[in-house]
Amino acid sequence: MEPGNLLKSPRRNRQKHQKILRREYPETSEVASAKQVLSWREEYDLKLRKDCSYTLIYQSLSPEFKPLISQTTDGAEAWRILKKHFEPTTRARVIQLLDDFFNTRFETGEALGLFLCRVKQGAERLRKVCHQLQPLYQGYQMNRSLPAEYQSIVQTIYRWTDAEFQPDKIEIELLLEENRLRLTRRTWIL
């Protein structure tokens, strides 16, 4: 190869790539489920991810449950079918979730924020099975198993009106009290 050809090859490669880029590819296509316009590459990537999700779900199932999702090839639909099968919204499920909710306890050494998050998650699970839990019960669950150091704020919260006795407001007050207690402990140590 001559030295002149070596210098021309990057130019030729650049020209070749420019021709490839100018080719007529289908620039966009309509995806009905997403209601947006995607390029062919984005649509290909989306289909690949959907196929991977279905494959992962299908391969993770025990053989006796694979017929449940054999009529679909969509990962989201397979997940909905399995969720419907394994998480029924029957009265027994509601009672189980209520039992779990009212057995949520503050554990020694646990951060108060984590405990309150567990209580809110229990209420959210109940809401998903169409059982709306009253704010009174959520507030009661947030307060009832707290250690003795929180009892002064708990008694103050119990004196609130019904309009004030909301889980979000109770959570804020308890977290403020936790911070106050932490600061007082720190000043005693110093």
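Is Arg93 buried or exposed? I looked this up first, and Arg93 turns out to be buried, with a relative accessible area of 18%. Buried means under 20% relative accessible area, exposed means over 50%, and partly exposed is in between, with a 1.4 Å probe and protein chains only.

**Ground rules**

I noted that this is a predicted model, where local features need pLDDT of at least 70 and side-chain atom pairs count only at pLDDT 80 or more, while totals for chains, interfaces and linings use all residues. Residues are numbered from 1 along each chain as its sequence is written, and side-chain values use heavy atoms, with hydrogens and water left out.

**The whole chain**

I found eight helices and two strands in the chain. Both kinds are DSSP runs numbered from the N terminus: helices are H or I with at least four residues, strands are E with at least two. Read from the N terminus, the order is α-β-β-α-α-α-α-α-α-α. The chain has 190 residues, and 24% of them count as buried.

I also checked contacts, meaning heavy atoms within 4.5 Å. Among contacts with a separation of 6 or more, 47% come from residues 24 or more positions apart.

**Back to Arg93**

Arg93 sits in helix H4. Its side chain and that of Gln96 are joined by a polar contact of 3.2 Å. Such a contact is a pair of N or O atoms within 3.5 Å; within protein, one must be able to donate a hydrogen and the other to accept it, and residues adjacent in sequence count only if both atoms are side-chain atoms. Leaving out residues up to four places away in sequence, I see Arg93 touching Glu87, Pro88 and Val129.

**Thr104, in a loop**

Next I went to the loop between helix H4 (91-102) and helix H5 (112-128), where Thr104 is found. Thr104 counts as buried because its relative accessibility is 9%. Its side chain reaches the backbone oxygen of Phe101 at 3.0 Å. Beyond its neighbours within four places in sequence, Thr104 is in contact with Phe115, Arg118, Val119, Gln141 and Ser145.

**Helix H5**

Which residues of H5 are buried? I listed Leu112, Phe115, Leu116, Val119, Gly122, Ala123 and Leu126. They cover an arc of only 115 degrees around the axis, so they are on the same side of H5. The arc is that of the directions from the helix axis to the C-beta atoms. On the other side of H5, I found Leu114 and Lys128 exposed.

I checked the length too: at 1.5 Å a residue, the 17 residues of H5 should span 24 Å, and the end C-alpha atoms are 24 Å apart, which agrees. The expected span is 1.5 Å times one less than the number of residues.

**Helix H3**

In H3, the buried residues are Gly75, Ala78 and Leu82. They lie on the same side of H3, because their arc around the axis is only 60 degrees. These buried residues pack against helix H2 (40-60).

**Cysteines**

Cys130 lies in the loop between H5 and helix H6 (135-144). Its phi is positive, near 65 degrees, in a residue other than glycine. I reminded myself that most residues other than glycine have a negative phi. Cys130 is exposed, at 72% relative accessible area. Cys52 is partly exposed at 48% relative accessibility, and Cys117 is partly exposed at 35% relative accessible area.

How many disulfides does the structure hold? I found zero, taking a disulfide as a pair of cysteine sulfur atoms within 2.5 Å.
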